[in-house]
Amino acid sequence: MGKAVNEITIYQRNGSVRYVLNNKTQLCAIKSAEQKCELLGEDSVTLKVTSAAKLECSIGDYIVVYGKAYTLNSAPECIKSGEREFETSFTFEGLQYKLLDVQYRNADAGGNNPTFNFTIVANLQLLMEVLI
């Protein structure tokens with residue numbers, strides 16, 4: 001991940017800073033960082049962090065790596081490895097994982113229609129407008 005490893009900040013859902021990683025004042029260091037980005041496949045960042053205190057994060061917290069936002073969609077795993085040493089593993093996922101919960105529906109003007117089956121012929125811009 002190059003120089004971005006030194007600059008990773010975990011933000012709360014509302015945009016305020018939760019933690020600045022690799023911070024000597026908080027006794028927090030990044031042990032490893034891995035970005036997986038495949039075309040039409042996995043898009044995630046896995047961080048392993050050591051710290052003097054347990055790092056508390058919530059679902060919906062996010063990081064920005066190379067200009068892309070990655071969201072924490074599952075609880076981090078924390079292991080106490082010493083008297084004042086915690087190892088925490090985070091898996092942040094790209095925007096495409098939010099689309100797993102989305103369903104296209106054929107709705108009438110009143111917003112009612114129980115069917116999922118419908119056809120649409122459109123360019124990419126129109127499909128994104130329908131989705132968003």
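Strands β4 and β8 pair in the antiparallel sense over eight bridges, where pairing requires that DSSP finds at least two bridges between two strands. Strands (E, at least two residues) are DSSP runs, numbered from the N terminus. Within this pairing, the bridge partner of K48 in β8 is S89. The structure is a predicted model, in which local features need pLDDT of at least 70 and side-chain atom pairs count only at pLDDT 80 or more, whereas totals for chains, interfaces and linings use all residues. Residues are numbered from 1 along each chain as its sequence is written, and side-chain values use heavy atoms, with hydrogens and water left out.

Strand β4 also runs antiparallel to β3, to which nine bridges join it. In this second pairing, I30 stands opposite V49 of β4. The hairpin formed by β3 and β4 has five residues between the strands, and L40 in this hairpin takes a positive phi near 55°. Strand β4 is mostly covered, as seven of its nine residues are buried; buried denotes under 20% relative accessible area, exposed over 50%, and partly exposed the range in between, for a 1.4 Å probe and protein chains only. In a regular strand, the side chains alternate between the two faces of the sheet.

The largest nonpolar core comprises 17 residues, and those with the most contacts inside it are I10, L21, L47, V49, I63, F90 and F92. Such a core is a set of buried Ala, Val, Leu, Ile, Met, Phe, Trp, Tyr and Cys residues joined through side-chain atoms within 4.5 Å. At least two residues of this core come from each of β3 (28-37), β4 (43-51), β5 (62-65), β6 (68-72) and β8 (85-93). The greatest contribution is that of β4, which gives three residues. For I63, contacts (heavy atoms within 4.5 Å) are found with I8, T9, I10, V45, L47, K68, A69, Y70 and F92, leaving aside neighbours within four places in sequence.

D61 counts as buried because its relative accessibility is 1%. Its side chain is joined to that of R18 by a polar contact of 2.5 Å, and the side chain of D61 also reaches the backbone nitrogen of S58 at 3.0 Å. A polar contact is a pair of N or O atoms within 3.5 Å; within protein, one must be able to donate a hydrogen and the other to accept it, and residues adjacent in sequence count only if both atoms are side-chain atoms. Not counting residues up to four places away in sequence, D61 touches I10, Y11, Q12, R13, R18, Y70, T71, L72 and F92.

S16 is found in the loop between β1 (9-11) and β2 (17-20). The C-alpha atoms of S16 and D61 are 9.7 Å apart in space, although the two residues are 45 apart in sequence. S16 has a relative accessible area of 30% and is therefore partly exposed. A polar contact of 2.8 Å joins its side chain to that of N14.

Finally, a search of the whole structure finds zero disulfides, a disulfide being a pair of cysteine sulfur atoms within 2.5 Å. C28 is in no disulfide, and the nearest cysteine sulfur, that of C57, is 9.5 Å away. This separation is too far for a bond. C28 is buried, with a relative accessible area of 6%, and C57 is likewise buried, at 15%.

Key
Helix = DSSP H or I, 4+ residues; strand = E, 2+ residues; numbered from the N terminus.
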